[in-house]
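Work through the two exercises below with the structure in view, and try each task before reading its solution.

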Amino acid sequence: MKRVNLKCPYCGSRALLRPASVVYGERAADPSAPFYVCARYPACDSYVAAHRESCLPMGTLADKSLRNKHIQAHAALDRLWRDGLMTKRQAYLWLQAKLDLPEREVHIGKFSDFRCEQVVQLCDSLFPQTPKAAYPYTKYIGKQVIS
Ligand SMILES: [Zn+2]
């Protein structure tokens, strides 16, 4: 297990490899899952999940606002295949084409605020008849955001 040197993009402190229980407490689905957490946490509320085997981060360190944006973007994209509009693979290819990004960069966990809003807009535009609020984004809250 090799840790990666990461800096917090918000305050510039080092990110430390710590267990999920540090950020989720008893709510952690998997308390020992590795996370990169800002050394100033909780004063600086910034972290990202890591892969257990490689210890590579699953995205960039994100604060609460950006984490929520990631969750919303994931929910909007997942809706495309959950509602049967296309397969999961097709949904990612569609998004890749819409954003004009190479495949390796199509990871919502690495997206900025702006990109996340773009994803939600693009995905919602495929459902002109359904108000956005009708979709239960909240069911994703608290789940680990991956890919
Ligand atoms: Zn920080």
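**Exercise 1.** Determine how the axes of helix 2 and helix 3 are arranged relative to each other, and which residues meet where they pass.

*Solution.* In this predicted model, begin with the axes: those of helix 2 (residues 64–82) and helix 3 (residues 88–99) come within 8 Å and cross at roughly 130°. The crossing in which helix 2 passes helix 3 is right-handed. Finally, look at the residues that meet, which are Leu77, Leu80 and Trp81 on the side of helix 2 and Lys88, Ala91 and Leu95 on the side of helix 3. Sorted by class, this contact has five nonpolar residues, no polar residues and one charged residue.

**Exercise 2.** Work out the strand order of the open sheet, and say which strands stand at its edges.

*Solution.* Start from the order, which is 1-2-3 in an open sheet of three strands with antiparallel pairing. Strand 1 (15–19) and strand 3 (47–49) each have a single partner strand and stand at the edges, so one side of each is left without a neighbour in the sheet. As for orientation, neighbouring strands of this sheet are turned against each other by 25° on average, direction ignored.

Definitions and conventions
Residues are numbered from 1 along each chain as its sequence is written. This is a predicted model: local features need pLDDT of at least 70, side-chain atom pairs count only at pLDDT 80 or more; totals for chains, interfaces and linings use all residues. Axes are lines fitted to C-alpha atoms, for helices over the stretch in contact, and angles run from 0 to 180 degrees between N-to-C directions. Helices (H or I, at least four residues) and strands (E, at least two) are DSSP runs, numbered from the N terminus. A crossing is left-handed if the near helix is turned anticlockwise from the far one by less than a right angle, and right-handed if clockwise. Two residues are in contact if their C-beta atoms, placed from the backbone, lie within 7 Å. Ala, Val, Leu, Ile, Met, Phe, Trp, Tyr, Cys and Pro count as nonpolar, Asp, Glu, Lys and Arg as charged, and the others, Gly among them, as polar. Two strands pair if DSSP finds at least two bridges between them.
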